[in-house]
Amino acid sequence: MLLYIKMSFVANTGKTHVEEPLQCNKTAVVKMNEFHLVQVKGTWKRKTGNNLNKNLKSRVSTAKIYESATGQGTSWTVVSPVVFTYKVTESLGLLDPRNDTLLLGHIRDPQQLEALRNGTSTKPLRRFVVMDQTVYKLYGCQLTDYFEARNVLYRILPLPTTEENKSMELVMKILDEVHTFSLDRRTEPIIAIGGGVCLDIVGLAASLYRRRTPYIRVPTTLLSYVDASVGAKTGVNFANCKNKLGGYVPPVAAFLDRSFIQTVSRRHISNGLAEMLKMALMKHRALFELLEAHGRFLLDSKFQCNLGMEDNQNAASMTTRMAIEAMLEELAPNLWEDDLDRLVDFGHLISPELEMKVLPSLLHGEAVNIDMCYMVYVACERGLMTDEDKLRILSCMAGLELPLWHKDVTMALVQHSLSERLKHSGGFVRMPLPIGLGHAEIFNDTEDDTLFRAFERWCDELQPQGPELVQRV
C-alpha cells in the first residue's frame, strides 16, 4: 500500500501586517509604503499596488517590502514566504532494482521524470549515500547491486551513527566526503539510510553544504520510521546536551519501507513503539486501543504483515499509518516551532536529561516512556484521568515491553529538567498532560506539591523491590 503525503510549508520571515505609525524618540513616522516585487526582463523592481500591470509578461513575487520613513532615516521590513514541499512515501521493496522510488521518487517535474525513466536524459545518475555501518553490513551489498543494476554512479559512506557519536565531527566527515564526490546540489540529493541519529546527522550536513543541499531520508528502525523521518528537525549533541546544535530543514522526501524493520532487535521495536504510544495518548484513542490489543503481535512479527493470525494482519500498516498521520497533523502547521505549545513534546520534558545522564544504557524511546509514565501520575494527581485509565496505560506500556521507572529519575532531575525547559520555552513549562485516553492539553500551572506527590506515588508503586535499575513490568 502506498502512502503519499505532499505538504507545502510557509513561514514568514517578517511581519505580515503594517503596524500603526511608530513613535521613535518622539519623532513620528511620516511615510509608509507597501511594495510588490515584479520581475521584468530578468530584474526585480518594486511596484506599488496601483502600478501593477497584470497584462505585462512578468512575474509577481509573493514577497513584499514595507518602507517607512522617519526624521531619523528609513526602515525596510521584508516579508518573504519560504515554501518547503516534501513527500512521505511508503514503498515496500525500496532496494528492488525494479523499484525506482529511491532514485526518482522525489522528482515532481513530470517531464524530468519521464526523461529519466525513458533513458533520454544525457546526464548519468549519481548518488551519495550515508549509511549507518550496522545497516551497511546488512544491506550494503543489496544497495550496491541496486545501483549497479540501474547504472548509477555512487559513493556509499558507512558511519557509526550512534547517540554517543552524534557530533559535529561526523557532520564534518560527511561534508568532506560530499565535497570530494563533487555533488551537484540541484539534481543529486544526499541519501541517508539508517536510524534517527543517522537521519539527523545527514540532515544537518546537507543543510550546511552550499547553504542547503536536498536530501532523502530512508529510516531503518521503527522509531525513525514514525518519528524522525517525517519531521524537519536536524541536529547533533553538543556540550553534553541532546540536539543542542541543529535546524529545521525537511528532506525533499522520506521513503518508508517496513521490510527494513525485520532486522531490528526486539528491544528496538519496543523503543519505536514508545513514540507511537506518545501520539496515541495525546490525540488518538483508536491507535491506543490497537497498541493495547496487538502490541505483543507487533513485537513478535516486527511489523511484517505476512506473519501472524488473520485478525492481526492489518495491525502493522494501520498503527504506523495512524502514528504518522497524527505526527504530521501536529508538525505541518508548526514546522519551525513558532508555537511552543506542542503535544509532541509529551515524554520529552525530563527524558533528554535522563537519556544523556545514563548514555548509552537507555534508548531514546525507553527514556521517553519513563518520562511519559511519570507524567501519567502527574495527570492523575491533578485529577485529569482516572486510576482505571492509568492502569490501562501502564498495562499497555508493560505489554510493549517498555520501562516504567528508572533509579536515576530523582526529584532533583525532574526539577532541573523543568527549570531548563522554562529557559527555552518563553518562561512557561508548557507541560502536555493526558486527559483520559487519546486527549491532552498543555498546562503551565502544575504546582511543586503536585509533582512531589506524583513522584512519591510513582516510586512507591513502580520502584523494583530489588537491585534492578529499571522497572519494565
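## Strand pairing around β12

Strand β15 covers residues 253–256 and pairs with β12 in the parallel sense over two bridges. Two strands count as paired if DSSP finds at least two bridges between them. Helices (H or I, at least four residues) and strands (E, at least two) are DSSP runs, numbered from the N terminus. A253 also stands opposite K87. β8 and β15 pair in the parallel sense over four bridges.

Strand β11 (residues 190–194) is another parallel partner of β12, with five bridges. Here I193 is bridged to V218 of β12. Between β11 and β12 the chain passes through helix α5 (residues 196–208), and this β-α-β crossover is right-handed. A crossover is right-handed if, with the strands pointing away from the viewer, the path from the first strand over the helix to the second runs clockwise.

## Burial of the strands

In a regular strand the side chains alternate between the two faces of the sheet. Strand β12 (residues 215–219) has both faces covered: Y215, R217 and P219 are buried on one side, I216 and V218 on the other. Five of the five residues of β12 are thus buried. Buried means under 20% relative accessible area, exposed over 50%, and partly exposed in between (1.4 Å probe, protein chains only). β8 is mostly covered, with seven of its nine residues buried.

## Second largest pocket

The second largest pocket holds about 710 Å³ of space. Its lining has 29 residues, and H106, R185, R186, P214 and V252 lie nearest the centre. On a 1 Å grid over the protein atoms alone, a pocket is an open set of points where a 1.4 Å probe fits, with protein on both sides within 12 Å along at least five of seven lines; lining residues have an atom within 4 Å of a point. Grid points are joined across faces, edges and corners, and the volume is the space filled by probe spheres set on the points.

At least two lining residues come from each of β8 (82–90), α2 (110–118) and β9 (126–132). β8 gives the most, with four residues. By class, the lining comprises 14 nonpolar, six polar and nine charged residues. Ala, Val, Leu, Ile, Met, Phe, Trp, Tyr, Cys and Pro count as nonpolar, Asp, Glu, Lys and Arg as charged, and the others, Gly among them, as polar.

## Loop residues

Q304 sits in the loop between α8 (285–301) and α9 (315–331). Q304 counts as buried because its relative accessible area is 11%. The side chain of Q304 has a polar atom 2.9 Å from the backbone oxygen of R258, and reaches the backbone oxygen of K302 at 2.8 Å. A polar contact is a pair of N or O atoms within 3.5 Å; within protein, one must be able to donate a hydrogen and the other to accept it, and residues adjacent in sequence count only if both atoms are side-chain atoms.

Most residues other than glycine have a negative phi, and most peptide bonds are trans. S182, in the loop between α4 (168–181) and β11, has a positive phi of about 55 degrees. S182 is exposed at 52% relative accessibility. R210, in the loop between α5 and β12, has a positive phi of about 50 degrees and is exposed at 54%. The peptide bond from L359 to P360 is cis, with omega near 5 degrees; P360 lies in the loop between α10 (351–358) and α11 (364–381).

## Basis of the values

Residues are numbered from 1 along each chain as its sequence is written, and side-chain values use heavy atoms, with hydrogens and water left out. As this is a predicted model, local features need pLDDT of at least 70 and side-chain atom pairs count only at pLDDT 80 or more, while totals for chains, interfaces and linings use all residues.
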